[in-house]
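Open the structure in your viewer and keep the selection panel at hand. The stops below say what to select and what is there.

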Amino acid sequence: MTNTTPLRTVKARRTFLENVIRTLKSAPTSAWFGMIVILIYLIAAVFAPLIAPYGEAEVLGKAYLPSSAEHFLGTDQLGRDIFSRLIYGARNTIGIALLTTLISFFVGGTLGILAALKRGWLDQGVSRVVDAFLAIPVLIFALMMLAVVGKGIGNLILILALLDSTRVFRLARAVALNSAVMDYVEAARLRGEGTGWIVFREIVPNILPPLITEFGLRFCFVFLTIAALSFLGVGIQPPTADWGSMVAENKSLINFPVRTFPYIPAPFYPAGAIALLTVAVNFVVDWFLHKTSGLRDGS
Amino acid sequence: MAVENKRVKGDVLLTITGLKIEGKSEDTWNPIIKGVDLTLKRGEVLGLIGESGAGKSTLGLAGMGFARPGCRFTAGSIVFDGIDLLAASDEEKRALWGSRIAYVAQSASASFNPAHRLMDQVVETATERGIMQRETAEADAIDLFKRLQLPSPDTIGLRFPHQVSGGQLQRAMTAMAMSCRPDMIIFDEPTTALDVTTQVEVLAAMRRIVEEFNTAAIYITHDLAVVAQMAHRIMVLRYGNLVEEADTRKMLKSPTQDYTKSLWAVRALQKPESPSDDIVLDVSHVTASYSNSAKVLDDVTVKIPRGRTVAIVGESGSGKSTLARAITGLLPPSSGTISFNGKPLSAKLADRDKDTLRRIQMIYQSADTALNPRQRVRDIIGRPVEFYLGLKGADRDRRVVELLEAIELNESYIDRLPSEMSGGQKQRISIARALAANPEVIICDEVTSALDQIVQEEILKLLMKLQKDTNVTYLFITHDIATVRAISDEIVVMHKGKVVQQGLKSKVLNPPFPAYTELLLSSVPQMDPDWLTTLLESRKAKA
């Protein structure tokens, strides 16, 4: 708001920042753990070239070296530094997953809210197409599509975003339906407001909490799917580092746990990175859901 | 049914002393009941009245030793027939509930399981507890259905909850409560959700059955006229304190506390009618229906004079809200025309221009759903100012403050969210939003029915003041005759989609009445403990 008004400035009881701090203070340990882990991952992803001791695809010497002062987590089958690749992997895996989730939310969310608001043929049409998509397992569908249009990061993002947007559509439609039947939406229609106003100013603010929660969960699923596709060899292509393909590349080592000290097989590092991020995101999302759904302890 | 009547009228059944209950909100415990004493004798009906938040439901539930989740007992004692309910274990209480203490909730449709037949649910407690065999329980239930005057008592138990009306369901719930012949029943606003004409039947049925079985009852309601028909004694609660307690007749004749007196103030509100021939909105032979079902509006003709208040009264399903939807363009009529200022209105909302939309505004029953919970007052009221009048920034805010002052709130409310205001304040914001458009007609759809009596009166006064200042026309949709009496100039009575009667208030509210108007008017509870008895007798005599 512009404060050029001659009004006595009305004091807001709490500023946005104060609210954020207040909310963070009340966060449980699990949420704090999740937030710190996510923060570390993000820092690793953004500043990868600064943090990583070696290049992403730099071949440094012998393959399958155990961890040492030089190679913190050892080297892989081509003699690349696993620790460096793990850090670059964060950049690729998280970046691609985030982009995919954003696209899927934009497409699925918009269509879902419009379907809930307009009903009729739009709702029926989109819903039935989505039902058809939902009938096919994601992984198989993604494999098929990738086989048709060819491998590549762009194709991967678009295909996963498309598949994921069907699930986002379902949720967005369901929660928007609850909001679209409210009198305030009718009041806006009676006022003569356009669809844009009704969607973004009347409905979206009310359905944001479940959508943000879903965003966190969807992000995990996308990122697991990418890892799975990379493991199968159709996801992110070498030499680009990514956790899924790192597991795949080093999978032969899983039977030789005695190689590195303290006896952790090399594929466990990227797999652990995947698992840790998934758990962290879920902790944060859980807390957020609990917070916004108005659930009280002990009731 | 041979049920042993070992009960003696006059024994004390329930004693509550110095009861304090706290409720948790935002991590702090706040008092809900602040030390209330209550005694209930066998066969006695005690009325608990008060506004929402007075603690009447909490106190009623405490009578059965129950505290809602998030509430706790902090002091006092509750003794039911010698059993200390606060000390009793959950098992002991559970054994009492259903069999010796029963509860009838406000919304029967929400309390019945939609997947089971009525009979299965009515006899459940009696058979589960092993009090009766299934056959005897069913025979007893049919007997209760008869006593409660449910239609076709032999077969109604085979129906599902959605296959009977709201009034019938409420009576079925009373039968369920009665199935074990409890010593005490707690009625929690059992008729609030019902139409007046249905309410009469349900009240009569409940009163009769409670008398027949000499059951003690706590009757919770916010409607003094209703409780006057049911209760021997009345307790008035406010903010968790007892305000006044007296026998019903004494309480009605000479209430001692100001608060008690103010409870029926809205009924004292009167506005003289004033006729006018300047028609602003002319609804002519309008017929409308939802998709292909039966006509909801059937050849409806209503003329609405400028600067006056036209009340549309009728039960639910009479088509009064649908008429509003037809006028606003949400439901285009299948035939007939609606003229506004002499010019025909486009049937569809999308075909109307912005200025026409501005001139007809609407206020809803529930401000909770009518105000976007994520918008602040500044945006709720500011949007129509900006949208229709093109004011921006500081000009817009100045207008919002003017409007806030018009609805008797001050500018400190400008940054509040709806959740930070009371029900009455929220309804005021709804009024301001309508007013912001400088409308000629405001359609008020049951705007006071979700509010407490005192707040109702304030809102009605505000509406009348605004009408005086701006000469706005109100189309006032309501089922509450007291409100109609208070503020209208003209009345339209609707029944099953048709207009039964339209005319000046003095004409419609005075004899001779068409049959339906008479039924409707006579069903409105009066502040007279003998009203129900007299009414039932006169109806019987006529039949």
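## A threonine side chain and a backbone nitrogen

Select Thr478(B) and Asp480(B): a polar atom of the Thr478(B) side chain lies 2.9 Å from the backbone nitrogen of Asp480(B). The coordinates come from a predicted model, and the distances quoted on this tour are computed from it.

Stay on Thr478(B) and show the secondary structure; this residue is part of strand β18 of chain B, residues 473–478. Is Thr478(B) buried or exposed? Its relative accessible area is 1%, so Thr478(B) counts as buried, the cut-off being under 20%. Next, display what surrounds it. Leaving aside residues up to four places away in sequence, Thr478(B) touches Ile312(B), Val313(B), Gly314(B), Lys320(B), Glu446(B) and Val484(B).

## An aromatic pair in chain B

Now select Phe66(B) and Trp97(B). Over all chains there are nine aromatic pairs. In the pair formed by Phe66(B) and Trp97(B), the ring centres are 5.7 Å apart and the planes stand at 85 degrees, so the arrangement is edge-to-face; the cut-off for that class is over 60 degrees.

Phe66(B) sits in the loop between α1 (56–62) and β4 (71–80) of chain B, and Trp97(B) in the loop between α2 (90–96) and β6 (101–104), so the pair ties together parts 31 residues apart in sequence.

## A ring cluster in chain A

Move to chain A and select Tyr41(A), Phe219(A), Phe223(A) and Trp243(A). Ring pairs join these four residues into a cluster.

## Where chain A meets chain B

Finally, show both chains and select the residues in contact: 26 from chain A and 34 from chain B. About 2700 Å² is buried between chain A and chain B, with carbon and sulfur atoms giving 56% of that area.

Which residues form a salt bridge here? Select Glu186(A) and Arg325(B), whose side chains meet in one at 3.3 Å, N to O. The count of salt bridges between chain A and chain B is two. Polar contacts across this interface involve eleven residue pairs, with both residues at pLDDT 80 or more.

On the side of chain A that touches chain B, helices α8 (183–191) and α9 (195–231) each supply at least two residues. The largest share, seven residues, comes from α8(A). Coloured by residue class, this side of chain A divides into eleven nonpolar, four polar and eleven charged residues.

Notes. Residues numbered from 1 in each chain as written. Chains lettered and ligands numbered in written order. Predicted model: local features only at pLDDT ≥ 70, side-chain atom pairs only at ≥ 80, totals over all residues. Heavy atoms only, no water. Contact = heavy atoms within 4.5 Å. Buried area = accessible area lost by both parts, 1.4 Å probe. Salt bridge = Lys/Arg side-chain N within 4 Å of Asp/Glu carboxyl O. Polar contact = N/O pair within 3.5 Å; in protein donor to acceptor, adjacent residues only side chain to side chain. Helix = DSSP H or I, 4+ residues; strand = E, 2+ residues; numbered from the N terminus. Nonpolar A, V, L, I, M, F, W, Y, C, P; charged D, E, K, R; others polar. Phe/Tyr/Trp six-rings, centres within 6.5 Å; stacked < 30°, edge-to-face > 60°. Buried < 20%, exposed > 50% of the residue type's maximum accessible area, 1.4 Å probe, protein only.
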